[in-house]
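Biologist: I'd like to learn how to read a sheet and a few single residues. Can you walk me through a case?

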Amino acid sequence: MFTRRRCLWTLAALACASCAGGGAPDRRGPPGAPRVLSPTSYGPRGADAGGSGAFHAPRGGRAHQGFDILVRPGDAVRAPIDGTFMKYGVCYADEPRYRYVSIGAPGSVEVKVFYVERSPSLWPGAPLRTGDVIGVAQAISVRYGGRLPDHLHVEVWVRGVPVDPEPLLVWRT
Ligand SMILES: [Zn+2]
């Protein structure tokens with residue numbers, strides 16, 4: 001009897017802890033996942049003739065590792081998190097002009113934004129704050145003959161594992 005009552009008290013304590021502060025904890029995604037500011041003011045790519053921009057959408061024999069956000073080529077692209085400019089990578093070995101910017105943050109978080117020509121003032125190791133301009137959007141639709149819209153491909157990695165960026169995104173208005 002005593003054990004059962006103590007168990008109920010424990011449950012009550014847990015319930016109280018979860019609503020401390022006046023509501024449910026504001027947690028999105030896995031533990032340690034950051035809030036990710038949309039790098040542009042446009043919405044999700046959604047689905048189109050070229051496929052779906054959702055996380056884990058099929059891409060031939062593999063799954064899409066990011067989330068696609070619409071953009072206009074030449075638009076400014078902004079840092080989605082606070083962090084350090086880690087890498088200016090090449091997206092496709094056969095067409096090295098398409099590039100991505102990788103931003104690392106404490107807690108083993110990395111956010112990669114694809115199809116971005118970096119700002120000339122950015123150098124590896126540079127500190128970035130959320131919203132800083134990191135470059136301009138490239139015209140990825142050209143590579144695919146216009147079968148898909150221009151977009152940014154955003155990947156969020158937490159401790160080396162890609163996670164769905166969508167629930168983490170904070171959309172610009
Ligand atoms: Zn993508």
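Modeller: Two strands count as paired if DSSP finds at least two bridges between them, and strands themselves are DSSP runs of E with at least two residues, numbered from the N terminus. This is a predicted model, where local features need pLDDT of at least 70, side-chain atom pairs count only at pLDDT 80 or more, and totals for chains, interfaces and linings use all residues. Residues are numbered from 1 along each chain as its sequence is written.

Biologist: How many bridges join E7 to strand E13?

Modeller: Three, with E13 covering residues 133-137 and the two strands running antiparallel. Val-77 sits opposite Gly-135 of E13.

Biologist: Which strands are at the edges of that sheet?

Modeller: In general, strands of a sheet pair through backbone hydrogen bonds, parallel or antiparallel. Here the open sheet has three strands in the order E7-E13-E11, paired antiparallel. E7 (76-78) and E11 (116-118) are the edges, since each pairs on one side only.

Biologist: And burial: is Tyr-115 buried or exposed?

Modeller: Count other C-beta atoms, placed from the backbone, within 10 Å: 20 or more is buried, 12 or fewer is exposed, and in between is partly exposed. Tyr-115 has 25 such neighbours, so it is buried. It lies in the loop between E10 and E11, and its phi is positive, about 75°, although it is not a glycine.

Biologist: What about Ser-108?

Modeller: Ser-108 is exposed because it has 12 other C-beta atoms within 10 Å. Its phi is also positive, about 60°, and it is not a glycine. You'll find Ser-108 in the loop between strand E9 (99-105) and strand E10 (109-114).

Conventions: Helices (H or I, at least four residues) and strands (E, at least two) are DSSP runs, numbered from the N terminus.
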